[in-house]
Amino acid sequence: MPRLFTGLEIPAEIGQSLSNLRGGLPGARWIDPENYHVTLRFIGDIDGVSANEIASMLFRVDRKPFEVKVQGLTSFGGRKPSAVVAAVEPSKPLMELQAELERMMQRIGLDPEGRKFTPHVTLARLHDASSQDVADYLSVRGYFPSRTFMADRFVLFSSRASTGGGPYVVEDSYDLCA
């Protein structure tokens with residue numbers, strides 16, 4: 001049973017820049033650059049019939065390509081940090097695409113996403129990392145020049161149940177047409 005989610009791929013050159021920020025944080029499990037992505041909608045563990053229905057429904061998305069801006073690092077989890085992420089600017093086209101995917105998933109009977117959509121690229125998952133260590137890491141590495149890329153498609157990813165961070169497989173891609 002595949003675990004599915006929709007997302008945007010990160011171009012290799014931006015992935016390389018982000019991967020240069022790895023290291024120097026106790027308790028971090030760094031994500032491999034080829035698995036960097038922006039999750040648009042987590043779908044979950046789905047049977048084959050539902051997976052095929054979702055994959056064919058996603059072809060109905062009719063949106064234009066748009067620019068995605070990756071800017072700065074932050075962490076998730078507050079006092080008990082759980083991840084180091086690269087922030088992604090929540091542009092109008094990105095937010096509208098995500099909202100459309102959310103509506104589609106609810107229409108086929110999936111529960112609404114439990115969290116507010118905060119676009120990001122996960123760089124590391126944290127286990128027993130102290131908030132002080134994370135703050136120190138971010139003070140040293142948190143700034144990097146903003147990088148932008150053109151999102152001209154989104155993809156349906158699958159992963160096998162594991163301890164996070166990939167490997168992720170592109171099951172299908174959906175062009176954003178001008």
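This is a predicted model: local features need pLDDT of at least 70, side-chain atom pairs count only at pLDDT 80 or more; totals for chains, interfaces and linings use all residues.
Trainee: Within what arc do the buried residues of H2 fall, seen down the axis of the helix?

Mentor: The buried residues in H2 are Ala 51, Ile 54, Ala 55 and Met 57. They line one face of the helix, because the arc within which they fall is 165°.

Trainee: Which exposed residues does the face of H2 turned away from its buried side carry?

Mentor: The buried side of H2 is covered by elements including S1, S3, H3, S8 and strand S9 (168-175). The face turned away from that side carries the exposed residues Val 49 and Asn 52.

Trainee: How far apart are the end C-alpha atoms of helix H3?

Mentor: Helix H3 covers residues 92-107, which makes 16 residues. At 1.5 Å a residue, H3 should span 22 Å. The distance in the model agrees with this expectation, for the end C-alpha atoms of H3 are separated by 22 Å.

Trainee: Against which elements do the buried residues of H3 pack?

Mentor: The buried residues of H3 are Leu 94, Leu 97, Gln 98, Glu 100, Leu 101, Glu 102, Met 104 and Met 105. Their packing partners are strand S1 (3-9), strand S3 (37-45), helix H2 (48-57), S4, S5 and strand S8 (153-159).

Trainee: Is Arg 41 buried or exposed?

Mentor: Arg 41 has its place in strand S3. Leaving aside neighbours within four places in sequence, Arg 41 is in contact with residues including Leu 101, Glu 102 and Met 105, and a polar atom of its side chain lies 2.7 Å from the backbone oxygen of Asp 111. The relative accessible area of Arg 41 is 3%, and the limit for burial is under 20%. Arg 41 is therefore buried.

Trainee: Which strands stand at the edges of the open sheet of five strands?

Mentor: The sheet has the order S2-S6-S5-S4-S7, with antiparallel pairing. A strand at the edge has a single partner strand, so one side of it is left without a neighbour in the sheet. The two strands in this position are S2 (28-30) and S7 (147-151).

Trainee: What angle does the direction of helix H1 make with that of S7?

Mentor: The twist of the sheet averages 35° from one strand to the next. Helix H1 (residues 12-19) packs on the sheet, where it touches strand S4 (66-76), S5, S6 and S7. The direction of H1 makes with that of S7 an angle of about 150°.

Trainee: How many of the six residues of S5 are buried?

Mentor: Strand S5 (residues 83-88) pairs in the antiparallel sense with strand S6 (residues 120-126) over five bridges. Five bridges also join S4 to S5, which run antiparallel. S5 is largely enclosed by the rest of the structure, because the number of its six residues that are buried is five.

Trainee: Is Ala 87 buried, partly exposed or exposed?

Mentor: Ala 87 has its place in strand S5, and its bridge partner in S6 is His 120. Residues up to four places away in sequence aside, Ala 87 touches Lys 69, Val 70, Gln 71, Gly 72 and Pro 119. The relative accessibility of Ala 87 is 22%, while burial requires a value under 20%. Ala 87 therefore counts as partly exposed.

Trainee: Which residue in the hairpin of S4 and S5 takes a positive phi near 110°?

Mentor: The hairpin has six residues between its strands. The residue with this positive phi is Gly 77.

Trainee: What is the phi of Asp 128?

Mentor: Asp 128 is found in the loop between S6 and helix H4 (131-141), and Asp 128 is exposed, with a relative accessible area of 75%. Most residues other than glycine have a negative phi. Asp 128 is a residue other than glycine with a positive value, and its phi is near 60°.

Technical notes
Residues are numbered from 1 along each chain as its sequence is written. Side-chain values use heavy atoms; hydrogens and water are left out. Two strands pair if DSSP finds at least two bridges between them. Helices (H or I, at least four residues) and strands (E, at least two) are DSSP runs, numbered from the N terminus. Axes are lines fitted to C-alpha atoms, for helices over the stretch in contact, and angles run from 0 to 180 degrees between N-to-C directions. Contact means heavy atoms within 4.5 Å. The expected span of a helix is 1.5 Å times one less than its number of residues. Buried means under 20% relative accessible area, exposed over 50%, partly exposed in between (1.4 Å probe, protein chains only). The arc is that of the directions from the helix axis to the C-beta atoms. A polar contact is a pair of N or O atoms within 3.5 Å; within protein, one must be able to donate a hydrogen and the other to accept it, and residues adjacent in sequence count only if both atoms are side-chain atoms.
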